Amino acid sequence: MIRMLTAYTEELLDAEAAGTGILAQLDLSQNLAAHAVGIICCTTEFVETGMVKALCDQLPFDVVGCTTMGTTVQGVLRPLVLTLTVLTSEDVAFAAGITGPLEGDLASVDTLYEELLKVLPEKPSLLMPFVPLLFIGGDEFVEKLDTLSGGLPLFGMLAIAQNPQVQRNYTLYNGTCKTNALGLLAFSGPVDPLFLVSSIPQEYIISLPAVVTAADKNVLHRVNDMSALEYLSSFGIAENGTIEGSETMPLVLELSDGSRVARACISITPEGSVVCSGEVPVGVGLSIASIDFDYVIKSIAAVTQKAVQQAQGRNIFMISCGARNFALGPDPYAEMEKAAACIQGSRPYHFSYSGGEICPIPDRRGKLVNQFHNDALIVCIL
C-alpha cells in the first residue's frame, strides 16, 4: 500500500520558513514508512530563486518533479505555489534520478534506467517520467521507456511554465534543475495502479475529416496534399506564418488502433511545415477540435467523480494539459476548484498542469498501451 502525504508553500525567498512549514504539514516522524519519495511541482519562480534546491536539501528522501503552470493539493489555490507530494510505503520501493543533457539522442535515458534498476529490490512495476519540453515529440520518450522497460505502464508529464518559454521549463531531481533532461521515478512492488483518461469527444470536432499525406515524426508537412500551413490557415490557426490560438484548437488524430489522440501545434518551419508536440503518422485521419470552458469543467467533474468511486480509499494523482487551462479564460482556477469540490477532502490528491500527458489507454483488445497525449486529463489511482 502507498500512502500519499501532501504539503505546499507560497514562500519564494525564506527557505527556512518554507522548510519549517512543509515539514510541519507532513509530520514525517509520525507518517513516514520504510520507503519514501517526494514529487515537487511548482511555478518557475521557485526554481530560479533557489527555493527548490533549498527545500530538497532539508528532506530525508529523493525528490523528483518539474515546473508547471499551476498545481494544487488539499488546502491551496494560489497562482504562485510549490506543492510537495510524498509517496511512502512499507512494501513499495522507489528509485528516482535525472539524465544528463539530451542532445541529439536519448542515449542517457538508457543510462538512467539502468542506474535505477540497480537501486530497486526487484523489477519496476510503474514508471513516472518528468519530460523536458523540447522540440522533439513527447512520444519519442514514451517509445524509449517502453522499449527499455518491456512495456511497463507509464504515467507522467511534460514540464511547462506559466509563460511557456522553452528555456524556463525545468525538470528537477534533488535540487538539480535542468531544461534538457528527463527526470524519472520508478516504483517496485505491489502498486496496482488504475488509469483514467479524458480526451476530446466527437462533439467538439469542428472540421471534416482529413488525412495526413506527408509527415516526419512530429513534423507535419501536408494534409490532404496541401501544405500544413495552408491547411491550418483555412481554420484561422495559422496567420502570417505563425501559430494563432492553437491552445484551444488542437489537431485530433484517429490512430490505426482505433484510439483518438490530440496534438498541439508548437511552431511553423520556414518551409511551411508544422512542428507538433508528438508524432503525426502518415495516413491517419486528422480533424480540428475546439475546446472551451464548459468542456473543461464537465470533463473534470466526470473524471474526478469516477476516480473517487474507483479509488476506494486510495490516492488520486491528476495531470491536466495546460491547453485546458487556457480554455478557462479569466477563471484559471475553475478546473482545480471543481476537482477539489468533487473530492471533498475524502482522500489525498495531487493536481498539476503539464505541457503534455503520458498515460496508458486500452487498445481494441482492451490491452493497456502507453500513449503520449495533448489536451487530455489523465489520472492515476495509487
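The model is predicted, so local features are held to pLDDT of at least 70 and side-chain atom pairs to 80 or more, while totals for chains, interfaces and linings use all residues. Numbering starts from 1 along each chain as its sequence is written, and side-chain values use heavy atoms, leaving out hydrogens and water.

Let's start with the open, mixed sheet, whose five strands run in the order β4-β24-β23-β27-β12 (strands are DSSP runs of E, at least two residues, and helices runs of H or I, at least four, numbered from the N terminus; two strands pair if DSSP finds at least two bridges between them). β4 (71–72) and β12 (194–198) each have a single partner strand, so one side of each has no neighbour in the sheet. β12 pairs antiparallel with β27 (residues 377–381) over five bridges, and L194 has I381 as its bridge partner in β27.

After α6 comes G150, with a positive phi near 75°.

Finally, S277 sits in the loop between β21 and β22. At 6% relative accessibility, S277 counts as buried. Beyond neighbours within four places in sequence, the contacts of S277 include I136, G138, R263 and F372 (contact means heavy atoms within 4.5 Å).

Notes: Buried means under 20% relative accessible area, exposed over 50%, partly exposed in between (1.4 Å probe, protein chains only).
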